[in-house]
Amino acid sequence: VYFICFVLYGLSMVNIAFLLTTFFDKAKVAGGVAALSTLLVSALVLPISLLPADFPTGAQWALCILSPVAFATSINQAGVLERTVGSQFSNLASEPANFA
């Protein structure tokens with residue numbers, strides 16, 4: 001489960017890097033902007049994981065369109081499943097703990 005999450009996240013980040021290189025002439029600037037934007041977008045997962053009851057469900061699903069948020073949420077859900085019943089392919093479709 002974790003391996004698939006990392007592979008899909010890596011593929012999405014490669015696509016984002018290719019997209020960002022079209023906007024910048026220098027590779028160092030594009031790399032810096034990509035790193036900063038990934039860090040800032042990843043920070044959006046904190047309200048989802050720290051305050052799951054107070055965060056609207058529709059906003060959670062909308063934020064999961066962004067790959068860093070979706071990656072962090074999937075790793076969080078896999079960790080919750082590991083602590084309770086175990087993260088298996090059969091129970092991945094169960095209701096996420098932070099989407100309830």
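1. Of the chain's 100 residues, 29% count as buried. The model is predicted. Its C-alpha trace spans about 50 × 30 × 20 Å along the principal axes.

2. In sequence order the pattern reads α-α-α-α-α. Among contacts between residues at least 6 apart in sequence, 58% join residues that are at least 24 apart.

3. For α1 and α5 the angle is about 175° and the axes are 10 Å apart. An angle over 145° counts as roughly antiparallel, and α1 is therefore roughly antiparallel to α5.

4. Which residues of α1 and α5 make this contact? On the α1 side they are Tyr 2, Cys 5, Phe 6, Tyr 9, Ser 12, Met 13 and Ile 16. On the α5 side they are Ser 67, Pro 68, Phe 71, Ser 74, Ile 75, Ala 78, Gly 79 and Glu 82. Sorted by class, the contact of α1 with α5 has 10 nonpolar residues, four polar and one charged.

5. Helix α1 (residues 2-21) also meets helix α2 (residues 27-42): their axes come within 10 Å and cross at roughly 135°. These two helices are therefore oblique to each other. The crossing in which α1 passes α2 is right-handed.

6. The contact of α1 with α2 is made by Tyr 9, Met 13 and Leu 20 from α1, and by Ala 30, Ala 34, Ser 37 and Thr 38 from α2. Its residues divide into five nonpolar and two polar, with no charged residue. Tyr 9 and Met 13 are named in this contact and also in the contact of α1 with α5.

7. How many aromatic pairs does a search of the whole structure find? The search gives two. In one of them, the ring centres of Phe 6 and Phe 71 are 5.0 Å apart and the ring planes stand at 70°, so this pair is edge-to-face. Phe 6 belongs to helix α1 and Phe 71 to helix α5 (residues 67-84), so the pair ties together parts 65 residues apart in sequence.

8. Is Phe 71 buried or exposed? With a relative accessible area of 18%, Phe 71 is buried, because the cut-off for buried is under 20%. The rings of Tyr 9 and Phe 71 have centres 4.3 Å apart and planes at 20°, so that pair is stacked. The pair links distant parts of the chain, with Tyr 9 in helix α1 and Phe 71 in helix α5, 62 residues apart.

9. Phe 6, Tyr 9 and Phe 71 form one aromatic cluster. Each of these residues is also named in the contact of α1 with α5.

10. A further residue of helix α5 is Asn 76. Its relative accessible area is 25% and Asn 76 is partly exposed, since that class lies between the buried limit of 20% and the exposed limit of 50%. Asn 76 and Cys 64 are 12 residues apart in sequence, and their C-alpha atoms are 13 Å apart in space.

Terms used:
Residues are numbered from 1 along each chain as its sequence is written. This is a predicted model: local features need pLDDT of at least 70, side-chain atom pairs count only at pLDDT 80 or more; totals for chains, interfaces and linings use all residues. Side-chain values use heavy atoms; hydrogens and water are left out. Axes are lines fitted to C-alpha atoms, for helices over the stretch in contact, and angles run from 0 to 180 degrees between N-to-C directions. Helices (H or I, at least four residues) and strands (E, at least two) are DSSP runs, numbered from the N terminus. Angles under 35 degrees count as roughly parallel, over 145 as roughly antiparallel, 65 to 115 as roughly perpendicular and the rest as oblique. A crossing is left-handed if the near helix is turned anticlockwise from the far one by less than a right angle, and right-handed if clockwise. Contact means heavy atoms within 4.5 Å. Ala, Val, Leu, Ile, Met, Phe, Trp, Tyr, Cys and Pro count as nonpolar, Asp, Glu, Lys and Arg as charged, and the others, Gly among them, as polar. Rings of Phe, Tyr and Trp (its six-membered ring) pair if their centres lie within 6.5 Å; planes under 30 degrees apart count as stacked, over 60 as edge-to-face and the rest as tilted. Buried means under 20% relative accessible area, exposed over 50%, partly exposed in between (1.4 Å probe, protein chains only).
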